[in-house]
Amino acid sequence: MKSIAVVCLLVWGCQGFNNNRDNVNQWLGDFFTPTNKRPMDCYTEKQELGQCVKMSECMDRKEIDLENMDVYRQLSCHFLKTCCPSSRLVKTGTPPPMPEKKAGCGWSNPGGYAFRDSSNTHAEFGEFPWMVALMRNVNQNQEWDPKDYLGGGTLIHHSVVMTVAHKLVDRNDPLLIKCRLGEWDTQNTNEIYPHQDRDVSKILVHEQFSSKTSANDVALVITSSPFDLTDPHVGIACLSLNEPKMDASCFSMGWGKDFNNNDKYAVWLKKVPSPIVDNGTCEYALQRSQLGSEFRLHNTLLCAGGRKNFGTCTGDGGSSLACRTRNSFPQRYSVYGMVSFGVNCGTELPAAYVNVAPLVGWIINKFAEEKLEITFFA
């Protein structure tokens, strides 16, 4: 046994300390644990013997410390898990406790989870519960692969996802697309509640969408079965008939490329502060870019961002631009835009977003044609 362990440590060392340090527990655990492995043993703060389990598998409600996502702690559980005493484990077959949800659209964190020291660059779990990932439909329970991620979307009905037309104009076969709701960490399934995947039955692209000007860059994706909105971390977005105010507190999000991390696709859902930019100022700035002096900002577009080292990037198309409608807790948002295009990532140039307000009429008409209830107004 000693010789096997020595060989394993030599292999681990040859692969590089920096590459392996963050994964040492998982690596050694996979080697020494049988295939039918049980949760890892741990010790609670009171030095009670427990097991590392999802927080929904423990009777004790605890805060999620997002600062631990990048911290190596040899003896602790994964940051999305908790060390639960054996006496407090939820029994097999017992449904996890379901916190009461806020009724209506647009609520951030509708299940009322407790977080501490949340990151300035990552969204909290459930912070944007309407966020949908559009993916290539490989299989129902596929693991996340950046090449399968097509872009973002916004849930505006339990069976309807709003996204940008330019993501779907060349992918108009519903069988090739799937929608994932409730995702956060793309590389594991340790979140409190699981994500949901739905196949697509119909794709509706705006009839006057222009790939040349990005006018009317909107589409609706209708899922083959409704999402289960009883889960505490998912919900429907509000849409607004008005354009956002210049001083609105707005954010965009997505799993697109992170230009601050060697252009790798994001693992955790990004949270990008995106202040609204006046259309005239934005059009002038974009005319001075490689878009040229002939560029005109269509009235179905608006602008946001323009903060150096902050911004959406490749892969974030279709993700919502959500602005707070109230400053009190809990926070409530309306979706005013969707990521359409940008010239460069992380520069002082603002990005162009679909302006949802002038397109709400088209959305309402499509809902009427499909005989769907409108649920996206506060």
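How many aromatic pairs does the structure hold? The count is ten aromatic pairs, and a few of them are visited below. Please keep in mind that this is a predicted model.

## The chain at a glance

The chain contains five helices and 20 strands. Of its 378 residues, 49% count as buried. Contacts reach well along the sequence: taking those between residues at least 6 apart, 69% join residues at least 24 apart.

## Aromatic pairs

One of the aromatic pairs is made by Trp144 and Trp255, and its geometry is tilted, with 5.3 Å centre to centre and 55° between the planes. The two partners come from distant parts of the chain, 111 residues apart. Trp144 sits in the loop between β6 (131-136) and β7 (149-157), while Trp255 belongs to the loop between β12 (250-254) and β13 (257-258). Are these two residues buried or exposed? Both Trp144 and Trp255 are buried.

## Helix α4 and its buried face

Helix α4 covers residues 279-287, and its buried residues are Cys282, Leu286 and Gln287. Viewed down the helix axis, these buried residues fall within an arc of 130°, so they line one face of α4. What do they pack against? Their packing partners are the strands β16 (276-277), β17 (301-305) and β20 (350-355).

The N-terminal end of α4 has a cap, provided by Asp278. A side-chain oxygen of Asp278 lies 3.0 Å from the backbone nitrogen of Gly280.

## Strand β20 and its partners

β20, one of the strands that α4 packs against, has six of its six residues buried, so the rest of the structure largely encloses this strand. Two antiparallel pairings of β20 can be followed residue by residue. With β17, the pairing runs over five bridges, and here Ala304 has Ala351 of β20 as its bridge partner. With β19 (residues 332-341), there are four bridges, and Phe341 stands opposite Ala352 of β20.

Ala304 belongs to strand β17. Why does Ala304 count as buried? Its relative accessible area is 1%, and buried means under 20%, so Ala304 falls within that class.

Leaving aside residues up to four places away in sequence, Ala304 touches Ser274, Pro275, Ile276, Val277, Leu321, Pro350, Ala351 and Tyr353. Ala351 in that list is also the bridge partner of Ala304.

## A three-stranded sheet

Now to an open sheet of three strands, ordered β1-β2-β4 and paired in the antiparallel sense. The edges are held by β1 (41-43) and β4 (81-85); each has a single partner strand, so one side of each is left without a neighbour in the sheet. On average, neighbouring strands of this sheet are turned by 50° against each other, direction ignored.

Within the sheet, β2 (residues 49-54) and β4 form an antiparallel pair over five bridges. For a residue-level landmark, find Gln51: its bridge partner in β4 is Cys84. In general, strands of a sheet pair through backbone hydrogen bonds, either parallel or antiparallel.

Most residues other than glycine have a negative phi.

Asn216 is in the loop between β10 (196-205) and β11 (219-223), and Asn216 counts as buried because its relative accessibility is 11%. Lys371 is in the segment after α5 (360-369). With a relative accessible area of 75%, Lys371 is exposed.

How values were computed:
Residues are numbered from 1 along each chain as its sequence is written. This is a predicted model: local features need pLDDT of at least 70, side-chain atom pairs count only at pLDDT 80 or more; totals for chains, interfaces and linings use all residues. Side-chain values use heavy atoms; hydrogens and water are left out. Buried means under 20% relative accessible area, exposed over 50%, partly exposed in between (1.4 Å probe, protein chains only). The arc is that of the directions from the helix axis to the C-beta atoms. Contact means heavy atoms within 4.5 Å. A polar contact is a pair of N or O atoms within 3.5 Å; within protein, one must be able to donate a hydrogen and the other to accept it, and residues adjacent in sequence count only if both atoms are side-chain atoms. Two strands pair if DSSP finds at least two bridges between them. Axes are lines fitted to C-alpha atoms, for helices over the stretch in contact, and angles run from 0 to 180 degrees between N-to-C directions. Rings of Phe, Tyr and Trp (its six-membered ring) pair if their centres lie within 6.5 Å; planes under 30 degrees apart count as stacked, over 60 as edge-to-face and the rest as tilted.
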